[in-house]
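Subject: Structure handover

Hello,

Here is the structure you asked about. My notes follow below it.

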Amino acid sequence: MTDQQSTPVAEKPVKTSRAGRNLPAALAVGFGLGGSLIAILLLAPKVWVGVVAVAMAVATHEVVRRLREGGFSIPVIPLLVGGQAMVWLTWPFGAAGALGAFGATVVVCMIWRLVSGGLSTAPQNYLRDVATTVFLAAWVPLFGSFGALLIYPHDGAGRVFCLMLGVVASDVGGYTAGVLFGKHPMAPAISPKKSWEGLVGSLVLGILVSSLAVQFLTDNPWWVGVPLGLMLVITGTLGDLVESQVKRDLGIKDMGTLLPGHGGLMDRLDSVLPSAVATWVVLSLLA
């Protein structure tokens, strides 16, 4: 009687996107996060401030961890505390609270880094580390605080929806046009998959969706969505390129692993954070 050898069964490959992501996991996480945010904005809008605060803490920690792996010395405690102050002080003091907290955070971080090794020895790479810390304080919690500022007007939930819908439309329009028509790379040295044709798709869908969102979700005329959509496409695209260059400098693919199929939280916020500033500016000036 001969032994029967079992034939190994090949595992079904996980479907991935063009970016090499786990597509089912990415879709599940995306729909889960989107559904949760919609429920919060519809049922308890002020909870949005807490969501922003938690997201800024997580994103800041992700970037600090990656920077430390790259040899930077970042004062994480004052950066995290100051980031929370930037978000929460928008509640009683508006934009002045966020900017005041940002200034205080920069001062404390400068002093913290100066004395971190004791006063008997001069700190190494002080200018590099402080400049990086100031950049990070603006890039994540300060930009995020403008997202919190959107919720306070009477149509605040609608303003946040304008931000989210505009960013998503820009991404979808850019991805679709890039896949179908993309032939001319926009910034091949930074993000090889971005194309000028994709940018046109982002502009078309981003402006269209932003105009509809402004018309039906806020107390503003549809034409306000034209400059809003334009700014969201510009800031969203540049925000994505900025994070791509930061990750290229650090030699990493993702900022973290918190979100399956997406990477870290910061990898999902790279275009949203500068777009939050653009949304607040446009709606504050034209609303």
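This is a predicted model: local features need pLDDT of at least 70, side-chain atom pairs count only at pLDDT 80 or more; totals for chains, interfaces and linings use all residues.

Lys 46 is found in the loop that runs between helix H1 (23-43) and H2. Neighbours within four places in sequence aside, Lys 46 is in contact with Trp 91, Ile 151 and Tyr 152. Ala 157 is 111 residues away from Lys 46 in sequence, yet the two C-alpha atoms are 8.9 Å apart in space.

Two other loop residues are worth a look. Asp 155 lies in the loop between H6 and helix H7 (156-181). Is Asp 155 buried or exposed? Its relative accessible area is 7%, so Asp 155 is buried, the cut-off being under 20%. If residues up to four places away in sequence are not counted, Asp 155 touches Leu 217, Thr 218, Asp 219 and Asn 220.

Asn 125 sits in the loop between helix H5 (95-115) and H6. Its phi is near 55°, which is positive, and the residue is not a glycine. Most residues other than glycine have a negative phi. With a relative accessibility of 45%, Asn 125 counts as partly exposed.

Now the chain as a whole. The protein chain has eleven helices and two strands. Read from the N terminus, the order of elements is α-α-α-α-α-α-α-β-β-α-α-α-α. The chain has 287 residues, of which 46% count as buried. It exposes about 14900 Å², and carbon and sulfur atoms supply 70% of that area. Where contacts join residues at least 6 apart in sequence, 69% of them are between residues at least 24 apart.

Next, two helix pairs. Two packed helices are described by the angle between their axes and the distance between the axes.

Helix H2 (residues 47-69) packs against helix H6 (residues 126-149) at an angle of about 160°, and the axes are 9 Å apart. H2 is therefore roughly antiparallel to H6, since angles over 145 degrees fall in that class. The crossing of H2 past H6 is right-handed. On the H2 side the contact involves Trp 48, Val 52, Met 56, Ala 59, Thr 60, Val 63, Val 64 and Leu 67. They meet Thr 132, Leu 136, Trp 139, Val 140, Pro 141, Gly 144, Gly 147 and Ala 148 in H6. Sorted by class, the contact of H2 with H6 has twelve nonpolar residues, four polar and no charged.

The other pair is H9 with H11. Here, helix H9 (residues 225-250) and helix H11 (residues 272-286) pack at about 160°, with axes 8 Å apart. H9 and H11 are therefore roughly antiparallel to each other. H9 passes H11 in a right-handed crossing. H9 contributes Pro 227, Leu 228, Met 231, Leu 232, Thr 235, Gly 236 and Gly 239 to the contact. From H11 come Pro 274, Ser 275, Ala 278, Thr 279, Val 282, Leu 283 and Leu 286. How many residues of this contact of H9 with H11 are nonpolar, polar and charged? Nine are nonpolar, five are polar and none is charged.

Best wishes

Definitions and conventions
Residues are numbered from 1 along each chain as its sequence is written. Side-chain values use heavy atoms; hydrogens and water are left out. Axes are lines fitted to C-alpha atoms, for helices over the stretch in contact, and angles run from 0 to 180 degrees between N-to-C directions. Helices (H or I, at least four residues) and strands (E, at least two) are DSSP runs, numbered from the N terminus. Angles under 35 degrees count as roughly parallel, over 145 as roughly antiparallel, 65 to 115 as roughly perpendicular and the rest as oblique. A crossing is left-handed if the near helix is turned anticlockwise from the far one by less than a right angle, and right-handed if clockwise. Contact means heavy atoms within 4.5 Å. Ala, Val, Leu, Ile, Met, Phe, Trp, Tyr, Cys and Pro count as nonpolar, Asp, Glu, Lys and Arg as charged, and the others, Gly among them, as polar. Buried means under 20% relative accessible area, exposed over 50%, partly exposed in between (1.4 Å probe, protein chains only). Accessible areas come from the Shrake-Rupley method with a 1.4 Å probe; for residues, only the protein chains shown count as cover.
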